[in-house]
Structures are given as structure tokens and as C-alpha cells.
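Here is a short briefing on one protein model. Please keep the sequence and the structure in view while reading.

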Amino acid sequence: DRHLAAAFERQKQAGEELTALQSRIAEMTVEIEKNQNDIRELLNNRASTKAKLQHYETTLEQIKVRRALLYKRLVEAESDVQRQQELAAQYTEELKAVSGKITDSVEQIKNYETEIAGLQKEIGQANENLRNRQNAYHREYSRLESLRNLTERYDGYGNSIRRVMEQKSREPKILGVVADLIKVDKKYETAVEIALGGSIQNIVTADEETAKKMIGYLKQNRYGRATFLPLTSVNGSGGFKNQEALRERGVIGLASTLVKNDARYDGVTNYLLGRVVVAETIDDAIALARKYRYSFRIVTLEGECLNPGGSMTGGAFKNTSNLLARRREVEELETLVASLQSQIKESRDRLEDIKTAQSLLEEDMESGKEKLQEQYILQNTAKMNLDRATEQKNERET
């Protein structure tokens with residue numbers, strides 16, 4: 001019985017333990033089912049999380065790519081801003097440089113215009129100067145031709161003299177009239193012409209045979225008379241006897257010393273003028289004549305004449321022939337005409353030089369204007385480039 005009781009007790013305990021175990025199993029079963037549900041939920045969540053993780057990883061990768069792209073764009077944008085800044089600085093310098101060139105070109109063109117206007121004025125003056133010189137040339141040349149015609153026709157000479165001189169081309173030993181063979185300074189012309197008197201129209205020949213032939217020609221044709229001075233017979237020997245008179249007050253010298261001539265005619269000038277004293281005034285002449293007892297001929301610069309023996313000739317001198325002055329005037333006019341010809345050439349050359357200078361300046365100015373237009377185009381281009389670069393820089397910065 002004790003054993004049975006012990007067995008019941010053990011059965012009871014075992015039943016209680018079984019119940020407890022069954023209860024525990026039931027609890028565990030519930031727990032297991034719960035855990036299995038949790039496991040299933042976790043498994044489901046894991047799949048979702050894994051999908052999300054993959055999505056996040058994909059998104060992260062995309063974000064990284066996007067970030068790299070944006071960073072690249074940012075770097076590019078910053079680089080572009082810098083490049084636009086550099087371009088803006090470059091275009092600013094270009095604009096400044098071309099604007100400076102434009103200012104210089106405009107100033108240069110103004111200078112060209114001023115110079116051309118000045119040359120145009122010079123051309124006007126040069127033309128006027130040329131016209132004046134041409135007018136003077138034509139005027140003086142006409143005078144020269146008139147005097148030459150008078151000289152060639154031997155106007156103012158006697159008929160017989162003209163007739164002989166017409167033969168000069170056929171008779172080369174007719175050397176010329178006295179007035180053609182001597183030269184006299186203007187201040188001595190009156191005195192020398194008075195000293196020569198009618199001898200101024202004497203005809204100089206190389207020899208006596210020529211003089212004889214021409215005398216026969218005049219006689220045969222009844223052309224009148226003429227005086228001939230053959231070089232072979234006229235030598236003016238003997239000289240002036242009163243040499244001390246040449247040192248007196250108011251005495252200029254012998255008339256023969258106041259003329260210029262070819263050496264071959266020295267005998268003729270000494271013959272005609274070697275015994276005539278030239279004094280400055282009539283008072284000088286009178287004092288000289290008294291002192292030397294009226295022994296030689298004296299003429300004054302104004303044309304008074306004191307003859308040997310005491311006679312005096314004077315008054316208002318009216319030189320009707322003016323042969324010496326005419327010879328001098330021809331030579332002076334020849335010199336003047338030659339000078340005017342030279343001046344006309346000089347004026348023409350000067351005019352051409354000015355016109356050439358003006359033409360070159362005009363070419364330079366046209367070239368300058370073309371360059372200026374090119375510079376204006378470059379300036380506009382630089383302005384547009386600068387505006388575009390500034391605008392793009394501002395866009396990049398924003």
C-alpha cells in the first residue's frame with residue numbers, strides 16, 4: 001500500500017508534471033507558432049529590406065553619379081566663369097587698344113586734313129606766284145623783243161649807218177657800231193655818250209679795205225656818208241698829256257677808263273675817249289678847265305661839256321638816241337628774262353612738289369580712313385565679345 005500510495009503519488013506527480021508539461025508544450029506551441037509567425041514576418045521584412053537596400057544602393061549609386069556629374073558641372077562652371085572672366089579681360093584690353101588706335105587715327109586724319117588744307121593754300125599762293133612771274137616774264141620779254149628789234153633795225157641811227165650794217169652778214173669784217181662794242185655803267189652813260197657825241201655811230205671795221213669798200217657802196221647808192229674806224233689804222237696812240245689833272249678834286253677819270261670792251265677795241269676807245277676827262281659836277285669841271293687853261297675836253301656826269309678853248313655846252317639833257325642805255329637795257333632785260341624763266345621753272349617745280357605732297361597726303365588720309373573703318377569694326381566686335389563674355393559670366397555665377 002505504501003508502495004501503491006507512493007506509486008499514486010508518483011502518478012499524481014507525474015500527471016501534474018505531464019499536465020504542466022502539456023501546458024508548457026501548449027505554451028511552447030503557441031510560442032513556436034508566434035515565433036514562426038515572427039520568423040515568417042522577419043523573412044518577409046528581410047526580403048523587403050533587401051529590396052529596399054538594393055533600391056537604396058541603386059539610388060545611392062545614382063546619387064553618386066549625379067553628384068559626380070554635378071561636381072563636374074560645378075568645376076566646369078567655375079572654369080567657364082574664370083574663362084569668361086579672362087575673355088572679358090582680354091576683350092576689355094582689345095577694346096581699350098582699338099579705341100586708343102581709333103583716337104590716334106582720328107587725330108591723324110585731322111592732321112592730314114589740316115596739312116592738306118595748308119598745302120591747298122600753298123598751291124593757291126604758288127599758282128598766283130607762277131602767274132605773276134609769267135606775267136612779268138611776258139611783259140619783260142616783250143620789252144626785250146621790242147628793244148632787240150630796234151637794235152637789229154639800228155633804229156635811232158642815221159640812214160647811211162643802217163645801210164652799212166645791213167651788209168654785215170655778207171661782210172664779216174664789219175665789226176659793229178661803237179655803241180655795240182662798249183659797255184658802260186648806268187651812272188656814266190650820260191657822260192660817255194656826250195663824250196662820244198656823233199662818234200657813237202662810227203662803224204668799226206677790221207681793216208681799211210673794208211672801210212673803203214663800204215664808202216664806195218654808200219657813194220654808189222647815194223645812201224649818204226659814214227665814219228669808219230678800221231682797227232688797222234685807229235690806235236689812239238699819244239695818250240693824255242695832262243696826267244696830273246686826273247688827280248684833281250672832283251675828277252673821276254678819263255672817259256676811256258669808264259667803259260668796258262673787248263681788248264681788240266682798246267685802240268678805238270682810246271682814240272674816241274682817251275683825251276676826255278669826266279668830272280662829277282659842272283663846278284668841278286670849271287675849276288679844272290681854268291687851272292689847265294681850257295686845254296682838254298671835260299664832261300660831267302649830268303652831261304655838261306667844257307670844250308678846249310673855253311666853250312661850254314649844257315642844259316636839260318635830252319638824249320634822243322640813248323644808244324648806250326639801250327644796249328645796257330637789252331643786256332639787263334636778257335638777264336632779267338633769263339632769271340624770270342628760272343623763277344617760272346622754280347615756281348612750276350615748287351607747285352608740282354606741293355601737288356605731289358598733297359596727293360601723297362590724300363592717299364595717306366584715304367588709307368587712314370580705311371584703317372579707321374576697320375578699327376571701328378574691330379571695336380564693335382570687341383564690344384559684342386565683351387558684352388557676351390560678361391553676360392555668360394553672370395549666368396555662370398548665378
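A residue counts as buried when its relative accessible area is under 20%, and as exposed when that area is over 50%. By that cut-off, Thr-210, Ala-211, Met-214, Tyr-217 and Leu-218 of helix 5 are buried. The model is predicted.

- Three strands form an open sheet in the order 1-3-4, and their pairing is mixed.
- Strand 1 (174-177) and strand 4 (228-230) are the edge strands. Each has a single partner strand, so one side of each lacks a neighbour in the sheet.
- On average, neighbouring strands of this sheet are turned by 25° against each other, direction ignored.
- Strand 3 (residues 203-205) and strand 4 run parallel and are joined by three bridges.
- Thr-205 has Pro-230 in strand 4 as its bridge partner.

**Helix 5 on the sheet**

- Helix 5 (residues 208-221) packs on the sheet and touches strand 1, strand 3 and strand 4.
- The direction of helix 5 makes about 160° with that of strand 4.
- The buried residues of helix 5 pack against strand 1, strand 3 and strand 4, and also against helix 2 (159-165).

**Length and faces of helix 5**

- Helix 5 has 14 residues, which should span 20 Å at 1.5 Å a residue. Its end C-alpha atoms are 20 Å apart, in agreement with that value.
- How do the buried residues of helix 5 fall when seen down its axis? They lie within an arc of 120°, so they line one face of the helix.
- Glu-209, Lys-212, Lys-219 and Gln-220 are exposed, on the face of helix 5 turned away from its buried side.

**Ends of helix 5**

- Asp-207 caps the N-terminal end of helix 5. One of its side-chain oxygens lies 3.4 Å from the backbone nitrogen of Glu-209.
- Arg-222 follows helix 5 and has a positive phi, near 55°.

**Thr-300**

- Thr-300 lies in strand 8 (residues 297-300).
- Is Thr-300 buried or exposed? Its relative accessibility is 0%, so Thr-300 counts as buried.
- Neighbours within four places in sequence aside, Thr-300 is in contact with Ala-191, Ala-279, Glu-280, Thr-281, Ile-282 and Ala-285.

Methods: Residues numbered from 1 in each chain as written. Predicted model: local features only at pLDDT ≥ 70, side-chain atom pairs only at ≥ 80, totals over all residues. Heavy atoms only, no water. Pairing = 2+ DSSP bridges. Helix = DSSP H or I, 4+ residues; strand = E, 2+ residues; numbered from the N terminus. Axes fitted to C-alpha atoms, helices over the stretch in contact; angles between N-to-C directions. Contact = heavy atoms within 4.5 Å. Buried < 20%, exposed > 50% of the residue type's maximum accessible area, 1.4 Å probe, protein only. Expected span 1.5 Å × (residues − 1). Arc of directions from axis to C-beta. Polar contact = N/O pair within 3.5 Å; in protein donor to acceptor, adjacent residues only side chain to side chain.
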